[in-house]
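Work through the exercises below with the sequence and the structure side by side. Each task is followed by a worked solution.

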Amino acid sequence: MSRAWNFSAGPAALPEAVLKRAQAELLDWNGSGASVMELSHRGKPFMALAAAAEQRLRGLMGIPANYKVLFLQGGATQHFAQIPMNLAGPDAHADYIVTGHWGEKAVREAAPYIDARVAATSVAANYLSLPPRDTWQLSKGAAYVHYTPNETIHGVEFHDVPDVGDTPLVADMSSNILSEPVDVSRFGLIYAGAQKNIGPSGLVIMVIRDDLLARAGRPMANIFRYAEHAANDSMLNTPNTWGWYLAGLTFEWLEEQGGLAGMGERNAAKATALYDAIDGSSGFYRSPVEVSARSRMNVPFTLHDSALDAVFLKESEAAGLLALKGHKAVGGMRASLYNAVSLEAVGVLVNFMRDFATRHG
Ligand code: PMP
């Protein structure tokens, strides 16, 4: 069996060491005589696993004591709706910074619950750049400001945390969480679907400041209320135990990689290698995104002649390079370079691209 070089946008490549460990422990976890998937979430062994995973994440991200960590379900999409429900009453408003597909969707899903105002958008620039901070029309009394630090489809990324004053900053970090060091204290709430940099889909990690948990929101079932999940250590109902377990293994792997500082350096080197290959291809390949907004995680690129797209995909797949087709909203190609994608994998991709350009140039 051989594993391909996987550039999927998500669900995405996981560290091979994590998969191998999960495989080795699959039938008998921790000497329990059962798979971790087959054990009660309320039993001592799983509770210990759960707490240890949270502690590792706290250490990796440097999460201050006044923040809770939640292991939730529903995908990031469900939380597009649940965040406004929890953070504001029905008459409140919130500001959204829209820099791509996922920001648009966050606004759409929030709209039934809050006056979701678009305070800035780069739609007129086809989401190929970021709206400068001094053009944002932040409104007085907003319950929060929501943004997407990395837009997975358009391949644009904020390289600094925007200053929004005292208004809580809410970040959908689905596609860049744990990819570099982060100052959690700048955020009111961070959330991310697990299926890119953490583990399998079906798990959402949320880091939320205590005072936001205390916000009344509105009447709703307990299952939607973050404060209830926090009060029950994310075991209000049966959590995604398998996802939680794999997340813990990934956190351990990240520690071995030098934590987020080590990961950040490696991710920068990977992105530089690929963008250099694109920029140095004499126009054979092109990155449409403005240089200052280029994502380290998702690199969309086009070929100078789109008639070659199908050939590129066919040949890349034959060379063991998976999932390079761009999202249909953007076209062309996209290589996703999440944490589990090694510098070696990027090297293989770059060599393939050079060779392809020579043969088809
Ligand atoms: N936000 C971002 C930035 C994403 O990349 C994605 C999915 N790839 C989502 C939200 C939606 O996540 P989910 O499918 O887990 O709801």
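**Exercise 1. List the residues around the ligand in this predicted model, and state which element gives the largest share of the shell.**

Solution. 
- Step 1. The residues around the ligand are Gly 10, Gly 75, Ala 76, Thr 77, Trp 102, Thr 148, Thr 152, Asp 172, Ser 174, Ser 175 and Gly 193.
- Step 2. Helix 3, residues 75-87, supplies the largest share of this shell, with three residues.
- Step 3. Sorted by class, the shell holds eight polar, two nonpolar and one charged residues.

**Exercise 2. Describe the stretch that UniProt lists as a domain.**

Solution. 
- Step 1. The unreviewed UniProt entry lists residues 5-346 as "domain: Aminotransferase class V".
- Step 2. Over residues 5-346, the chain is 33% helix and 17% strand.
- Step 3. The end C-alpha atoms of this stretch are 9 Å apart.

**Exercise 3. Determine how strand 9 is covered and which strands it pairs with.**

Solution. 
- Step 1. Strand 9 spans residues 189-193, and five of its five residues are buried.
- Step 2. On one side lie Leu 189, Tyr 191 and Gly 193, on the other Ile 190 and Ala 192; these are all buried, and both faces of the strand are covered.
- Step 3. Strand 8 (residues 169-172) runs parallel to strand 9 and is joined to it by three bridges. Val 170 has Leu 189 as its bridge partner in strand 9.
- Step 4. Strand 10 (residues 204-209) pairs with strand 9 in the antiparallel sense, over five bridges. Here Gly 193 has Val 204 as its bridge partner. Gly 193 is also one of the residues around the ligand.

**Exercise 4. Find the buried residues of helix 4 and state what covers them.**

Solution. 
- Step 1. In helix 4, residues 101-110, the buried residues are Trp 102, Gly 103, Ala 106, Val 107 and Ala 110.
- Step 2. Viewed down the axis of helix 4, these residues fall within an arc of 145 degrees, so they line one face of the helix.
- Step 3. The cover over them includes helix 3, strand 3, strand 4, strand 5, strand 6 and strand 8.
- Step 4. Trp 102, one of these buried residues, also belongs to the residues around the ligand.

**Exercise 5. Examine the backbone at Pro 11, Asn 126 and Ala 323.**

Solution. 
- Step 1. Gly 10 and Pro 11 are joined by a cis peptide bond, with omega about -10 degrees. Pro 11 sits in the loop between strand 1 and helix 1.
- Step 2. Asn 126 is not a glycine, yet its phi is positive, about 55 degrees. Its place is the loop between strand 4 and strand 5. Asn 126 counts as exposed because it has 12 C-beta neighbours inside 10 Å.
- Step 3. Ala 323, also not a glycine, has a positive phi of about 65 degrees. Ala 323 lies in the loop between strand 13 and strand 14. With 20 C-beta neighbours inside 10 Å, Ala 323 counts as buried.

Key:
Residues numbered from 1 in each chain as written. Predicted model: local features only at pLDDT ≥ 70, side-chain atom pairs only at ≥ 80, totals over all residues. Near = placed C-beta within 6 Å. Helix = DSSP H or I, 4+ residues; strand = E, 2+ residues; numbered from the N terminus. Nonpolar A, V, L, I, M, F, W, Y, C, P; charged D, E, K, R; others polar. UniProt positions renumbered as here; feature names shortened; annotations may be inferred. Pairing = 2+ DSSP bridges. Arc of directions from axis to C-beta. Contact = placed C-beta atoms within 7 Å.
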